[in-house]
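Please read them with the structure open.

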Amino acid sequence: MTLIFDPPSPRRLPGVRFEAPPQAPDDALPRMDIAFFVGFAASGPLTAAVAVESLTEFETVFGAGIVLARDAVTGEPVDGLLHPAVRGFFSQGGRRCWVLRVAGAEVRVSRFALPSLLTAWRDGPGAAWRFEPATLSARSPGSGADAVRVAARIVAAPAPTRVASFDGAILALRVATDLAVAPRAGDVMRLTFDDVRLYGRVAAASATDPDGSGVPVRLVTLAGLVALRPITATWPAPIPEAVALPALEPFSLAVTQGEWLTDGRLCIGVRIAAQRLPQAGDVAELTFDDASRNAWMALDEVELFEATGLDGQIKATLTGSPWEDAEGAWRVAIDAWQSAGEARTAQLLRVDLQTSTPPDAQSVLADLSMASDSEASAAGQSVFDLPDDEHVFSSDALPSDARLFAQEVAQRDARGRLRSRFALASEAATGERMLLPLGEAEDFDAALGALQSPLVALERDGLTAFGWRLFAEPALAVESCDMLADRAAALRDAGRVPQPLRGMHAAFGGDPQVFVDEPTLLAIPDAVQAGWRPVAAPVAAWTELPALSEPPDPCTGQPFRDCAASPLPRPRFVRGPDPLADGSFTLYWTRPANGVQYELQESINADFGTFAPIYDGPAMRFDVLGRKPGETYYRVRASLGERGSRWSAPVRIEIGAQGFETVPWTQEDMLSIHRLMLRTAAGRGDMLAVLAVPAHFSVPQAASYAMTLRSTRADATTVDGPAAIGKDETRALSHGALHHPWLMIRRDESAIWFPPDGSVCGQLAAGALERGAWIAVANKPLRDVVALGATGMRPTLEQRQRMLDAQVNLLRSAPAGFVVSSADTLTPEADWRPVNVRRLMCLLRRLVLRRGVTYVFEPNDDTLRRTVERGFETLLDDLFRRGAFAGARAPAAYRVNVGADIDTPQRRDAGQFWIELQVAPALPLSFLTVRLWRNGERVLSRETH
């Protein structure tokens with residue numbers, strides 16, 4: 001309340017007058033440019049929506065697209081439509097959108113072995129240590145990590161130490177303070193004795209001088225002590241009986257032969273069935289004739305010698321240095337060291353992780369502790385506490401907060417924009433864990449891919465079946481738009497902790513700190529998918545063909561031959577994993593002799609009439625990246641000086657042979673999704689659902705579908721789907737706009753076809769930013785679009801009229817470019833039909849709710865009435881001056897009614913305060929036709945209506 005004295009001139013009667021000035025309006029209108037996309041992706045969180053502000057940020061979290069199936073008729077890949085829709089949104093001027101990935105319950109997470117690293121773990125102090133190859137998980141479930149390869153590098157810093165105390169389980173050391181790297185909780189320290197390497201977790205590190213000698217030292221306490229001992233040729237039973245690898249199925253392979261090399265390494269021979277082949281860096285478990293004693297060996301070399309066929313047995317040799325658990329053997333060494341009182345150099349170990357994705361994307365996490373520790377985990381410094389996407393995006397920090405990625409290195413640029421995400425995360429585990437290095441690689445020498453899974457990509461993505469339930473909370477599908485918000489809140493808050501809602505119903509919020517009420521545009525591009533089923537008779541992805549004929553050897557039949565010129569045996573291809581959905585795979589082949597070089601050729605013809613050399617070198621494998629669906633042929637030959645081999649038998653690789661194929665399209669699922677979108681937008685009250693139909697729809701089909709979507713008949717309900725829009729829900733039709741046909745853009749050498757909903761959302765967002773949400777954006781050229789579906793390239797007047805009558809917004813070719821020729825919602829009410837009217841009313845709703853909360857605790861009296869009236873008049877006058885309302889003067893543009901006919905005494909007694917806002921929305925100018933014709937020497941004109 002402000003005390004105001006009237007000025008002396010003009011003269012007034014004496015007295016004091018109290019005025020309640022209206023609250024100063026917020027100059028910034030609520031944002032109406034933010035969209036909410038729901039759809040399919042190969043990576044990213046499944047329980048939280050993520051805000052992104054560029055296509056790069058989208059790809060950082062959700063990947064660069066997903067292949068769902070292949071078309072059953074054409075054989076072409078069927079891609080997910082979320083990625084191109086988000087691309088269209090940003091290309092048309094959108095600046096920010098929320099994205100929610102959806103999938104079924106069967107989604108799986110890929111796992112990765114860390115090269116040359118062993119995990120020692122136990123349930124707690126005093127328990128026996130157990131060992132297993134070290135692994136990490138992908139940061140999110142799905143096939144998005146299929147192409148990722150992980151490498152590890154151990155960083156060892158010397159640390160002069162002396163024993164302070166040892167009680168049999170805890171070892172206290174006096175460590176020099178002038179270290180390049182200071183010990184911290186969770187680090188691993190290594191002490192090397194004659195035949196034992198002792199590892200311990202740094203439990204505490206103090207900078208005090210514990211003995212008062214005056215020499216500055218750091219007291220470091222090691223807990224969880226475990227030791228490894230190398231196995232040599234002198235160890236009893238030096239050749240293992242069997243070997244097991246995490247890369248293979250969970251069974252042991254019999255060792256066919258073995259020998260110790262002069263450098264102390266063990267070389268063993270095995271036969272492996274065709275599957276994912278072991279690689280350098282894999283950790284193998286060795287089983288000896290004494291079953292109680294096992295050992296572990298990091299593979300330094302893997303060589304393939306023989307292959308009986310692509311699906312047959314492969315002869316391979318595995319070379320490395322084996323280690324065994326040295327339980328108890330290290331205690332005597334520590335006692336002797338303590339008695340001697342001498343200094344010994346320990347090593348402080350940390351690990352750097354590198355992930356790479358073809359062709360050249362790399363990301364590194366450096367300086368990670370190698371043991372589980374609460375302090376290191378809290379600081380994000382431990383390899384056992386790398387966050388996954390579910391943890392990151394479901395935390396209490398918004399995705400736009402820079403500290404969201406505080407656990408990663410340089411993941412955001414100077415403006416705080418999301419730049420990269422590390423591809424791996426720690427696996428859920430209990431007990432005490434520590435990484436033990438079995439090799440001393442100084443750089444990222446060995447890189448391993450994901451462990452083989454028997455499931456194809458779409459199965460791991462949780463998308464084996466397509467249906468409307470993927471995009472919604474099924475429990476809310478039966479609710480009308482008037483009850484939807486209340487029922488969503490009740491379902492969300494049913495438990496002790498608020499549960500996130502699934503699919504499009506996440507628009508009603510979960511944890512308000514994670515998903516805020518920003519979006520006002522809703523799009524589900526994948527609603528138009530036809531669905532898919534497993535391929536009934538899949539073509540073999542790998543097929544070995546007969547060797548091609550070559551000129552005969554000129555030395556054949558000669559009594560004397562030059563041994564140095566005798567031909568080498570042919571190499572032979574070895575089957576690897578089936579090609580990934582993006583057309584990437586790895587070729588392996590055998591080695592006919594030591595020191596050979598290989599030449600690899602690729603062709604689209606089985607006879608290699610035309611070919612391309614793609615590799616020349618000593619490696620026995622080659623990564624092929626991003627091949628298009630179809631058949632590709634390969635052959636390889638070896639050479640050693642003047643000696644050479646004949647070409648191998650060619651192998652045919654069929655891209656897209658496995659997986660799923662489309663089923664005949666039906667509209668039931670799309671109709672169910674669109675009805676739920678209309679109810680969701682109306683239930684929120686401030687959203688517009690932007691809809692699209694399949695690419696194959698003609699004008700009559702699009703018009704007929706719009707009529708079906710608007711139908712309120714009970715018999716229009718789909719089988720096992722949500723009910724048709726009821727007669728009491730017709731306002732929901734004003735919350736949806738239907739667009740057709742599809743758009744095409746060009747990227748590199750490929751054409752991308754996708755529905756127009758994402759691009760329309762981008763146009764609406766750009767219009768809201770530039771001029772206001774009340775401005776119609778029809779007839780504004782679409783950026784980057786080079787073609788439309790056949791319906792929109794050259795529509796006839798009859799087709800345009802039919803689409804206009806059906807209230808389907810037709811995209812068509814115009815002199816200025818490709819434009820949306822109308823901007824109508826689906827409602828039959830003429831006043832609510834324009835999209836800009838609905839968008840204006842959504843803006844008013846957000847404004848009113850934002851302003852209304854400031855009056856909640858005010859006394860319900862005449863002062864409040866005058867305050868509210870003046871506050872909303874100021875707000876509406878600002879919109880009027882911006883051009884949101886029609887009318888020459890404010891009284892003709894809007895009215896604020898707080899009179900007794902609205903705010904009745906009965907309502908006041910009930911604690912209610914009612915206010916009625918009446919506005920006249922500004923409408924876009926419709927086209928008026930002026931017809932010109934020549935009559936003799938005169939030109940006549942006439943308006944047509």
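What is the strand order of the open sheet of three strands, and is its pairing parallel or antiparallel?

1. The order is 28-29-32, and the pairing is antiparallel. Strands here are DSSP E runs of at least two residues and helices are H or I runs of at least four, both numbered from the N terminus. Two strands count as paired if DSSP finds at least two bridges between them. Two bridges link strand 28 to strand 29 in the antiparallel sense, and Val-574 stands opposite Tyr-588 of strand 29.

2. On provenance: this is a predicted model, in which local features need pLDDT of at least 70 and side-chain atom pairs count only at pLDDT 80 or more, while totals for chains, interfaces and linings use all residues. Residues are numbered from 1 along each chain as its sequence is written, and side-chain values use heavy atoms, with hydrogens and water left out.

3. Overall figures. The chain has 16 helices and 47 strands. Of its 945 residues, 49% are buried; buried means under 20% relative accessible area, exposed over 50%, and partly exposed in between, with a 1.4 Å probe and protein chains only. The accessible surface is about 43200 Å², and carbon and sulfur atoms account for 52% of that surface; the areas come from the Shrake-Rupley method with a 1.4 Å probe, and for residues only the protein chains shown count as cover. Taking contacts (heavy atoms within 4.5 Å) between residues at least 6 apart in sequence, 70% join residues at least 24 apart.

4. A second open sheet has eight strands in the order 4-7-3-25-37-38-42-43, with mixed pairing. Its edge strands, strand 4 (50–52) and strand 43 (817–820), each pair on one side only. Neighbouring strands of this sheet are turned against each other by 25° on average, direction ignored. Axes are lines fitted to C-alpha atoms, for helices over the stretch in contact, and angles run from 0 to 180 degrees between N-to-C directions. Helix 12 (residues 797–805) packs on the sheet, where it touches strand 38 and strand 42 (808–814), and its direction makes about 150° with that of strand 42.

5. Strand 3 (residues 35–39) of that order has five of its five residues buried. Ala-35, Phe-37 and Gly-39 point one way, and Phe-36 and Val-38 point the other way. Strand 3 runs parallel to strand 7 (residues 97–101), joined by five bridges, with Arg-101 as the bridge partner of Gly-39. Strand 25 (residues 521–523) also pairs with strand 3 in the parallel sense, over three bridges; there Ala-523 is the partner of Phe-37.

6. Strand 37 (residues 688–692) and strand 38 (residues 736–740) run parallel and are joined by four bridges. Ala-692 has His-739 of strand 38 as its bridge partner.

7. The geometry of helix 14 (residues 862–882) checks out: at 1.5 Å a residue its 21 residues should span 30 Å, and the end C-alpha atoms are 30 Å apart, which agrees. The expected span is 1.5 Å times one less than the number of residues. Its buried residues include Leu-864, Val-868, Phe-872, Leu-876 and Asp-878. The buried residues pack against helix 13 (835–852), helix 15 (890–893), strand 44 (894–897) and strand 45 (916–919). Gly-883 follows the helix with a positive phi, near 95°.

8. Arg-265 sits in the loop between strand 16 (253–260) and strand 17 (266–273). Arg-265 counts as buried because its relative accessibility is 17%. Its side chain makes a polar contact with the side chain of Asp-263 at 2.8 Å. Such a contact is a pair of N or O atoms within 3.5 Å; within protein, one must be able to donate a hydrogen and the other to accept it, and residues adjacent in sequence count only if both atoms are side-chain atoms. Beyond its neighbours within four places in sequence, Arg-265 is in contact with residues including Glu-259, Asp-300, Glu-301 and Thr-319.

9. Pro-158 lies in strand 10 (residues 149–166) and is exposed, with a relative accessible area of 57%. Leaving aside neighbours within four places in sequence, Pro-158 contacts Leu-179, Thr-345 and Ala-346. Its C-alpha atom is separated by 6.3 Å from that of Leu-348, 190 residues apart along the chain.
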